[in-house]
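Hi everyone, thanks for coming. Let me put the structure up, and then we'll walk through a few contacts together.

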Amino acid sequence: MRFIDIIEKKKNKEELTDEEIQFFIDGVTDDSIEDYQIASLLMAIRLNGMTEHETAKLAEAMMHSGDVIDLSDIEGIKSDKHSTGGVGDKTSMALGAMVAACGLKLAKMSGRGLGHTGGTLDKLESIEGFNIALTEEEFKKQVNEIGLAIIGQTGDLVPADKKLYALRDVTATVDSIPLIASSIMSKKLASGSDTILLDVKYGEGAFMHTVEDARKLATAMISIGNKLGKNTMAMITDMNQPLGNTIGNALEVREAIETVKGEGPKDFTELCMCAGEIMLMQAGKAETKEEARAMLEEAVKSGKAYEKLEKMVEYQGGNVEQIRNTDLLPQAKHKTEMLAREEGYIENIHSKGLGIQAMKLGAGRAKKTDPINYAVGLEMNAKKGDYVKKGDLLCTVYHDEELTDEWIEDFYNTLSFTDKKVAPIPIVEEILK
């Protein structure tokens, strides 16, 4: 088999065979295919697409390019949840504790943040001593005992994806739905869970800018999961403003703790509840949304969800006192209040812009090697559609360095106002299965 013939087929919009896709991924994994040829095929896929079958086969071949985690040692249904990334997305911490308190087993591998979207691992590591590098045996033991663990990727999972992603990043082929879907799902499938819930975000602060594109990506990923025997569902959720009120690592940990205590922001709480409903039904823990919602509300009200979060931190070596008293989490040197310069309804809050502003404070990374400042970030005091008067508090900025005039102006440019009422957008747009 010659790789140039495979490039030629996809260039001519023909469907690749299972054997050709396997040959491609084998060559990526063992470096027997040159980067320039791989890049050529990636561009052909970006321009001409792939069928559902091709995309599923690509994900499966990528999944088997490295280790596949066997979670059969964990009793019961193992659940996983994946977000396509967003500003202020601290869902895994709060949702994981809530569903674990309802008897679900959440065995989750998460990633770090890059650019304007934060990573779950960075947020957890703002807790002193928190260990995201459990062995596979420790990971399984913890999930068996308390129903919840969130760690970094273990072993050599999906090495083909690492190389393909690096090439996609420099060849303008990142925005290909078959390539995105197979990349995400290969990692989820290799992680070994029985059920998968996908939180596919759309909007200005998300990778997919429109509901339609988010729906296409969700549909492609559901198809892959179902074809490979995993119960897979998706939520399409709004990222046209930050999720919850906080952006920044320790600030988001605090908000996750508040949420599992029933004191979190309305939008973030609702997202966790909707996701929890789906996950409990996927695992057969509840028959209806109403039953699942009642279970989740009881887990929060009784304190069991908070206890699960505290227990996870304890098991993974974190300083539990920081969970009990969030004032002990990393604290920034300075706090600055950003006050409204005008009056009116907030028409838009540019999530990506706010994420970049937080990154400039040190809460995120422009490059993979950049250090993280766990203490800094933003706490929004206004949401889209709110009416504010001149001088009202819009946001509290937590920072170590003095804010520059440029930073302040860029912050104000992330909000726009109108004199007309703004209709609210539901946090969950659609649920797909």
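First, a definition: a charge sits over a ring if NZ of Lys or CZ of Arg is within 6 Å of the ring centre and within 35 degrees of the ring normal. By that rule, the charged end of Arg 341 sits over the ring of Tyr 412, 3.8 Å from its centre. Lys 261 likewise lies over the face of Tyr 306, at 4.9 Å from the ring centre.

Some housekeeping. This is a predicted model, where local features need pLDDT of at least 70 and side-chain atom pairs pLDDT 80 or more, while totals for chains, interfaces and linings use all residues. Residues are numbered from 1 along each chain as its sequence is written, and side-chain values use heavy atoms, leaving out hydrogens and water.

Back to Tyr 412: together with Trp 407 and Phe 411, Tyr 412 forms one aromatic cluster. Rings of Phe, Tyr and Trp (its six-membered ring) pair if their centres lie within 6.5 Å; planes under 30 degrees apart count as stacked, over 60 as edge-to-face and the rest as tilted. How many aromatic pairs does the structure hold? Four. In one of them, the ring centres of Trp 407 and Phe 411 are 6.1 Å apart with planes at 5 degrees, so the pair is stacked. Both residues are buried (under 20% relative accessible area, with exposed over 50% and partly exposed in between, 1.4 Å probe, protein chains only). Trp 407 and Phe 411 are four residues apart in helix 17, so about one helical turn separates them. Helices here are DSSP runs of H or I, at least four residues, numbered from the N terminus.

Methods: Helices (H or I, at least four residues) and strands (E, at least two) are DSSP runs, numbered from the N terminus.
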